[in-house]
Amino acid sequence: MTMFLATGFYSGNSPVIPGTVGTVAAIPFVLAFNIIPLSFHALYCVGFILIAIVIADKAEALIGEKDPGCIVIDEIAGFVISFSLVPVGIYSLIAGFLLFRFFDIVKLAPVKYFERNFSGGAGVVLDDIMAGILSAAVLRILYLSGIF
């Protein structure tokens with residue numbers, strides 16, 4: 001069960017771009033924002049992050065390797081965080097996907113900090129959470145600008 005969840009329902013086992021494939025697997029979790037009451041969004045995000053850290057930690061121990069590419073629950077959690085400040089719709093979903101993948105791949109200083117300074121499940125997940133926070137900030141600016 002750990003590997004099933006850690007690999008995003010085995011999407012992380014994709015032979016090419018597993019992180020991107022794992023982000024696609026996150027879409028149902030993002031769409032959940034449309035049915036979860038607004039008052040529970042923060043709890044949903046915090047719970048998702050904590051569960052992702054525990055699962056990533058267990059999966060990393062099972063594999064015996066630091067942050068293996070097949071673990072994509074971190075991408076799923078980060079992508080969920082990307083939508084914590086905006087309504088989820090087709091345009092925000094596309095923009096959020098592109099922004100999150102950009103921040104996750106490029107690893108600007110705040111993202112890189114978490115990648116370098118944490119280990120275990122926290123080290124796997126927190127850099128993607130920061131990529132999600134950066135994505136959420138840009139999405140919020142686009143939303144307030146009336147882009148979507």
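Aromatic ring pairs number 13 in this predicted model. One of them joins phenylalanine 79 and phenylalanine 97. The geometry of this pair is edge-to-face, with 6.0 Å from centre to centre and 90° between the planes. Phenylalanine 79 belongs to helix α5 (residues 73-82) and phenylalanine 97 to helix α6, so the pair ties together parts that are 18 residues apart in sequence.

Phenylalanine 79 also pairs with phenylalanine 100. Here the rings are tilted, at 6.0 Å centre to centre and 50° between the planes. This contact again runs from helix α5 to helix α6, so it ties together parts that are 21 residues apart in sequence. Phenylalanine 79 has 0% relative accessibility and therefore counts as buried, the limit being under 20%. Phenylalanine 100 is likewise buried, with a relative accessible area of 0%.

A cluster of rings is also present. Ring pairs link Phe4, Phe9, Tyr10, Phe29, Phe33, Tyr44 and Phe48.

Helix α6 has a further partner, helix α2. Two packed helices are described by the angle between their axes and by the distance between those axes. Helix α2 (residues 18-25) packs with helix α6 (residues 90-106) at an angle of about 145°. The two axes lie 11 Å apart. The crossing of α2 past α6 is right-handed. On the α2 side, the contact involves Gly19, Thr20, Thr23 and Val24. On the α6 side, Phe97, Phe100 and Arg101 take part. By class, this contact holds three nonpolar, three polar and one charged residues.

Key
Residues are numbered from 1 along each chain as its sequence is written. This is a predicted model: local features need pLDDT of at least 70, side-chain atom pairs count only at pLDDT 80 or more; totals for chains, interfaces and linings use all residues. Side-chain values use heavy atoms; hydrogens and water are left out. Axes are lines fitted to C-alpha atoms, for helices over the stretch in contact, and angles run from 0 to 180 degrees between N-to-C directions. Helices (H or I, at least four residues) and strands (E, at least two) are DSSP runs, numbered from the N terminus. A crossing is left-handed if the near helix is turned anticlockwise from the far one by less than a right angle, and right-handed if clockwise. Contact means heavy atoms within 4.5 Å. Ala, Val, Leu, Ile, Met, Phe, Trp, Tyr, Cys and Pro count as nonpolar, Asp, Glu, Lys and Arg as charged, and the others, Gly among them, as polar. Rings of Phe, Tyr and Trp (its six-membered ring) pair if their centres lie within 6.5 Å; planes under 30 degrees apart count as stacked, over 60 as edge-to-face and the rest as tilted. Buried means under 20% relative accessible area, exposed over 50%, partly exposed in between (1.4 Å probe, protein chains only).
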